[in-house]
Amino acid sequence: MLSPSDYFSPFKEISDFISDHEDCRYIIASRHGPSGNIKSTFAVCELEKLSDEKTGLFIDNYVPNKRQAKLLKARVLNKINSHPFLRNPFLLQLWIRISIAQMENAGKKRSDREPVPFDSDSIPSSRAELYIDFVSELFMNYRIKADSYGSGNTHPGSIKTEGADVWRKELENFLMDLAFKIQRRKEISCRYGYALELAEKYARHGMPVKRETPVKRESEEISTGEEIIIKKAEAKKAEARRLLRTCFELGLLSRTRSEVRFGIDRSFQEFFAALKLKTFLDEGKDISEAYLHPEWKNTVIFTSEMVESGDELVNSMISCGNLDLASKCAGKASPETKKKLCLTLASRLDSRYTVEKIRTIHSLGSLGACGIEASSKVLENRDTGIKREAVRILGETKSRTALAPLTAALGDEDYSVRIEAVKALSLIGSEKVVEVLTDALGDRNRAVRLEATDALVKIGSKKALEVLVLALGSKDDFVRFGAIGALSRANPREAADPLIKAFQEENKLVRLGAAEALGQMGSERAVEPFLVALQDEDEFVRWIAAKALGKIKSDRVSERFTDILEDKSHYVRREAAKAIGTACSDKALEHLISALSDEDEFVRKAAAEALGEIVPEIADSGTAADALVRMLNDKSHFVRLEAAKALGMIRFREAIYPLLFVLGDENRFVRKEAAKAIGQLESERVLELLSQALMSENQFVRQGAARALGQMNPDGNRNQMSDKVFDSLDSAFEDKDKLVRREAARSLENISKNMPERAFKSLINALDDEDDEVRRLLAGILTCLGSEKAVPRLVSALKSHDPVVRRFAAEALGQTGSEKAIEPLIDTMLSDTIGFVKGEAARALGKIHSGKAVEPLVSALLDENNEGKWGAAEALGRIKAESAAAPLILALEDKDDFTRLAAAKALGRIKPKKAIEPLINTLYDQNRFVKAEAAGALMKICTKEDKEQMQNLLDSENELAANLAFEILEEIEMEELSKTRVFPDLQ
């Protein structure tokens, strides 16, 4: 989404950002790029490919007309496997726009104005064809009168065919030329003046010019011939401006101030550039320069989709050595050419370099049967990662040719390969696959068995559903629960009937599983069988029926639940109470209140819980609220807890005093819920009562009051109320009971963001508490409140007798970024007695980014007795202190793993050339994380000047070193190629 230029490198900018904001770990990209350095630091994610389910949801969200959406879903889901580009959200959106326009145009031709169904061949066969159709639709809808084009007036519906064709041709030729020139310059925009100048070449000539009698001035005389030339030039510029304005109105170009770029998406620039490339190809010109240039990859792929035969293109790419691009452009190549490419690619499967093998597997995956055959041989490889990737790619082919090798992969020794094989088989989805997956339900690894149940439901055939229904009776818990979960996600129209039949069998495990699946599915068809089952003599049958009905939203169900509350089984009554809360009726409310008096504590608990879930109804019912207040005295703590929770949800103010009393409950969970409920009551009176409760002789009441203060969400004057809350917490910090003070500390953390300066005052005053837990809870808040004003108090906290407090104070000082903190932090780093405090102080210095700290940091790094050396190494990297390169290189051999890791990371940030050899040696480190960090550092440091050194490393016996050298050399090559400008002689 960010494009590199001579003056801007998004990969460097993002990497630097990550260095300073370590919580960021992912970059989402819509296209590949030279991102090796980024990949070594954090994950690079491509935009997600839409699954069938998400494709349907995408259409539902994007198309408001339900009838149109239904037609579109039926069309695309039937064809999406043969048109995989439609799984891209942007391309799917383009297709939807085209389709809706076609439906509406067709609808206008019918008297009933209803959209007509699509023809079976209406989906474009390729991405390029989709773009062509989209552009055609834009032009057709624009409808400009051919005779009014010169004057700039528009009038829908009056184009003459010949005029429209000429007009479109002019615009397309201009857009092709503009896209090609921008692409050749490795840019994504140009100046408006440049676009206008180019548009003049394509503006229509021979325009009629209105001649006026020239007005002669005393100081000058203009000849008639000169006047005509000037007016023609002005007319040409006017036509060029109209041409540009038309492109803007069409949306194919956009303008921001003086900058012009292709609209809708950057890929439209590549599309029009590809049209230009095709014209060169048709003229017999050599376009092979584009094959190796990374910026032209997408354009070349577009071109390959436009040619009649891809043989010439693919053979030319094979000759150039770009086999990866050749495989992506082989869609229109002959079987012979594909076979030739397969053989060439297969020779690379014996490469010792992992990256090359994986790329080859990807390339073979797009070449059909011959590619599948070649990829299958990789399954004999010893490298588990390579095998997993091969299996995944074989699955993505969705070809039955891949069935045999994938079945064989289910016998692999590594369970992760077998899991990947199960996923891949689900994509192929034949009856033979169902048989294979049925066997996989008996795999020795439970994760494989679970994956097999998921794969079967994805296939969704009648036979697959039958297998899953049978699995409901499995003695293996993982298979049984996996089958329940899978069936609950199945299509209700196909799975409901088999499940209803299974529910009526004698096997209790099968009946339970079927009921669970039908309930989670929410199948209306299951309501009647479940209602019948409520009359069964077997308590177990009535229980599972009631439980399942509780998950199905149906008017027929809610009325029956009120009767079930009279069932003799407390298990059945409990499920009825749980479900009845969704009924939202006066009758249901009555029955729930009645259920609060049930003899079974869990029925009463379920009733109280259900009342809490129907807040609007219960809020207007004093009877229900009063009943819940009474339940605060129930003998069961489960009931008391749910009653307190429900009262908090309905914010029943009359419950304040009963809830305050419950703060002294013998059960800590009840006390906690009561405190939360009190905090939700939003009353100034509550705050006054909580302040009084802090004086109670009952320690539980005081603890609950302190906890409730952290739940306060005051109305009225926010600052005034907050001040009172903090004053009350200050009192709680003076309590003799450490548990009260701990609750006060937790409450302070909850509300500190409302008034950070006031919270900081309370925090600092309590930081010297005698209880370790209180100090540490408060210290954890320090990092959230760091600001310039807090520096003096944080510096004082560096002297605390508790090392945890000192550590968090150091971290908070680093976040302030204040230079006032440098000296105290240096002192702490060098003189503190605890290693993790020293390390944190050093890290904080790195966050301040001051050169003043470099020398002390180097001293700390070289001090063998300093246990915080790792922090010093990290800080030097953050500061990018070039003078620290030598000490950091020495630290690569430190006995401490964390110090070696931090040193490698720091060298990657500083990028000193002299660190290359030491970092190569670190690739042999015993700690795999240190090795990975060293590899990442080398990826950042090495440039074309280091090619020879990397080439020598290719033959290393160390697999990591050799693979790293290969990746670095590829990155260097890609970077160098991206700097070149192609087609200097083509115009």
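Helix α22 (residues 462–471) and helix α23 (residues 477–488) have axes that come within 8 Å and cross at roughly 135 degrees. The two helices are therefore oblique to each other. This is a predicted model, where local features need pLDDT of at least 70, side-chain atom pairs count only at pLDDT 80 or more, and totals for chains, interfaces and linings use all residues. Residues are numbered from 1 along each chain as its sequence is written, and side-chain values use heavy atoms, with hydrogens and water left out.

**Helices α22 and α23**
- The crossing of α22 and α23 is left-handed.
- L465, L468, V469 and A471 of α22 make the contact with V479, R480, A483, A486 and L487 of α23 (contact means heavy atoms within 4.5 Å).
- By class, the contact of α22 with α23 has 8 nonpolar residues, no polar ones and 1 charged.

**Helices α44 and α46**
- The axes of α44 (residues 803–816) and α46 (residues 835–848) come within 7 Å and cross at roughly 5 degrees.
- That makes α44 roughly parallel to α46 (angles under 35 degrees count as roughly parallel, over 145 as roughly antiparallel, 65 to 115 as roughly perpendicular and the rest as oblique).
- Residues of α44 in this contact include P803, V804 and L813, and those of α46 include F836, V837 and I848.
- The contact of α44 with α46 divides into 9 nonpolar, 1 polar and 5 charged residues.

**Strands β4 and β5**
- Strand β4 (residues 253–256) runs antiparallel to strand β5 (residues 259–262), and 4 bridges join them (two strands pair if DSSP finds at least two bridges between them).
- T256 has E259 in β5 as its bridge partner.
- The hairpin of β4 and β5 has 2 residues between the strands, and R257 takes a positive phi near 55 degrees.

Definitions and conventions. Axes are lines fitted to C-alpha atoms, for helices over the stretch in contact, and angles run from 0 to 180 degrees between N-to-C directions. Ala, Val, Leu, Ile, Met, Phe, Trp, Tyr, Cys and Pro count as nonpolar, Asp, Glu, Lys and Arg as charged, and the others, Gly among them, as polar. A crossing is left-handed if the near helix is turned anticlockwise from the far one by less than a right angle, and right-handed if clockwise.
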